[in-house]
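Please keep the sequence and the 3D view side by side as you read.

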Amino acid sequence: LIARRRRTSCYFYPRAWPSLRSADWWERVVLKEFGPQDWLDKFRMSKETFFYVCNQLRPGLAPHSAHFHPTLPLEKRVAVALWHLATNVEYQTLSPLFGVGPSTVQTCVREVSYAVVLLLKPLYLRLPNEKELENMVRIFRTRWGFPHCIGALDSLHIAIHPSLRLSADYCNGQGWHSILTQATVDGLGQFWDVSTAFPGSMENSAVLESSSLWVLAKEGRLCPNPPKHFMGKAQKYVLLGDATYPLQDWILKPYQEDENLTERQLQFNYRLKRAHSVIENAFLRLKARWQILLKCDDCSLELLPTLVLACCILHNICEAHDNPFNEDWLEGTEPTELPKPCQPAPAAMEDGRAEQVSELMCEYFESCGE
C-alpha cells in the first residue's frame, strides 16, 4: 500500500464510486424532482410504494462493513434493481445512469431479488387460509360469474439463451428456448401460487405433476375439510385451466370443441374461458410491468427462478397498493415470432369422475341463465 501510494505512474485505476454527477442525479433529480408519472414509468410503482418496499427489505439488505467500497444506500440499490426489471436495459447501459459499474448493477439485481423473495413472499405470495379461500370464491362468482372457484391456472414461457449443453432441454414445442413458469391467480389477478424454472421442453401437465400445487391438491389443502356444498353435493373448490391441463375433480377445462357439443356445454365453455382470461390478463400486466420477463439475456439460469418469483411478488404489491397501470407498457409484450406452445394433456392423466363436476357446473349455468 505504501509503495502504491508513492508511485508517480499509476498502473492501478480505481473505479469511480459513484460519479458526482450521477449521485447528484439520483439524490436531487429522482428523489426531489420526480413526479408521480416519473416514478411509475421508471420504477413501475408509486413513490409511496417504492419506499414501502425499501422499508420491508431493510432487514435483508443491511450494509456489509466488510465491503471494500462504501455500500450504496438501500434505496439506490432497490432503484437500480427495479429499473432493470422494469426496462430490461443492459447492465452496461444502466450503470452510467447511477454512477456504478455493470457488475454492481448485476449485484443489486441479484441481492434485491433474493431479498424480495425471502422477506415479501410470505406476505404476498402464499397459500390462502380457509377464510381467504372463501373470499376468493366470492370474488370469482361476483366478478367472473363462475361459482365454487378459487383460481385460474396457466403457464408462462420466458425466452432465454441457454448454453449449447442445455439447448435441447430448454427448446419448447414451438422451436424457441424458454423456461416454464406455472402460476395460479385469484379473481383479482394476483398470484398466489408460482412454480418456476422448468425447462421449456416440458408439457404443462408434466409441470403440474411436478409442482407443489399438485401436492397441495392431493393432500386436500386447497379446500375446507369437509368440502363446502355446491348444487346439493359436497364438492372441492376448483381451478380453471385450458386444454393443456388434465381434467380433475379440482381442475376444470373446456369441453373439446366439435359439432356434438350441447348448448349447456357451449355455455360452460364460454363461462370458463371468460373467467380463465383473468390469468391471461395477469400475465400481460406482469410482463408489461417487468419487461425483464420478455427476454432474459443478462440473467443467469441460476438467478432466473428467483427473479421470476420477485417479479410476481412485486406485481402483487403494485396491485394490492392500487398503483396505476399504464396501458402503453403493453406495447411489445406479445412478440408474434414467439408463439406459445400448446400441447393437450395426455388422456392417462384425466380423472373420469371429474366429468361429474363439469356436469354440475353445466346445471348451475343452465339454472341461472345468462
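In helix H4 (residues 47-57), the buried residues are Thr49, Phe50, Val53, Cys54 and Leu57. Viewed along the axis of H4, these buried residues fall within an arc of 140°, so they line one face of the helix. The arc is taken over the directions from the helix axis to the C-beta atoms. Buried here means under 20% relative accessible area, exposed means over 50%, and partly exposed is in between, with a 1.4 Å probe and protein chains only. Helices (H or I, at least four residues) and strands (E, at least two) are DSSP runs, numbered from the N terminus.

A word on the source: this is a predicted model, in which local features need pLDDT of at least 70, side-chain atom pairs count only at pLDDT 80 or more, and totals for chains, interfaces and linings use all residues. Residues are numbered from 1 along each chain as its sequence is written, and side-chain values use heavy atoms, with hydrogens and water left out.

**The chain as a whole**

Of its 370 residues, 51% count as buried. The accessible surface comes to about 18,300 Å², and carbon and sulfur atoms hold 52% of that; such areas come from the Shrake-Rupley method with a 1.4 Å probe, and for residues only the protein chains shown count as cover. Contact means heavy atoms within 4.5 Å. Among contacts in the protein chain with a separation of 6 or more, 70% are between residues 24 or more positions apart.

**Residues to visit in helix and strand**

Let's turn to helix H6 (residues 91-98), where Phe98 is found. Phe98 counts as buried because its relative accessibility is 0%. Its C-alpha lies 7.4 Å from that of Val80, although Phe98 and Val80 are 18 residues apart in sequence. Ser95 also belongs to helix H6, and at 5% relative accessibility Ser95 counts as buried. Leaving aside neighbours within four places in sequence, Ser95 is in contact with Val100, Gly101, Pro102 and Val105. For Ser95 and Val105, a sequence separation of 10 residues goes with a C-alpha to C-alpha distance of 6.3 Å.

Next, find Gln182 in strand S2 (residues 178-185). How much relative accessible area does Gln182 have? The value is 0%, so Gln182 is buried. Not counting residues up to four places away in sequence, Gln182 touches a set of residues including Asp154, Ser195, Asn204, Leu208 and Tyr245.

Asn135, in helix H8 (residues 130-144), is partly exposed, with a relative accessible area of 35%. The C-alpha atoms of Asn135 and Asp186 are 9.8 Å apart, for a separation of 51 residues along the chain.

**Backbone details**

Most residues other than glycine have a negative phi, and most peptide bonds are trans. With that in mind, look at Asn88, which has a positive phi of about 60° although it is not a glycine. Asn88 sits in the loop between helix H5 (74-87) and H6, and is partly exposed at 24% relative accessible area. Ala197, in strand S3 (residues 191-199), likewise has a positive phi, near 75°. At 31% relative accessibility, Ala197 counts as partly exposed. The peptide bond from Asn225 to Pro226 is cis, with omega near 5°, and Pro226 lies in the loop between helix H10 (212-218) and strand S4 (229-230).

**A cavity**

Finally, a search of the whole structure finds one cavity of 30 Å³ or more. On a 1 Å grid over the protein atoms alone, a cavity is a set of points where a 1.4 Å probe fits but cannot get out, and lining residues have an atom within 4 Å of a point. Grid points are joined across faces, edges and corners, and a volume is the space filled by probe spheres set on the points. The largest cavity holds about 40 Å³, and its lining includes Ala217, Cys223, Tyr237 and Trp250.

Notes
On a 1 Å grid over the protein atoms alone, a cavity is a set of points where a 1.4 Å probe fits but cannot get out, and a pocket is an open set with protein on both sides within 12 Å along at least five of seven lines; lining residues have an atom within 4 Å of a point.
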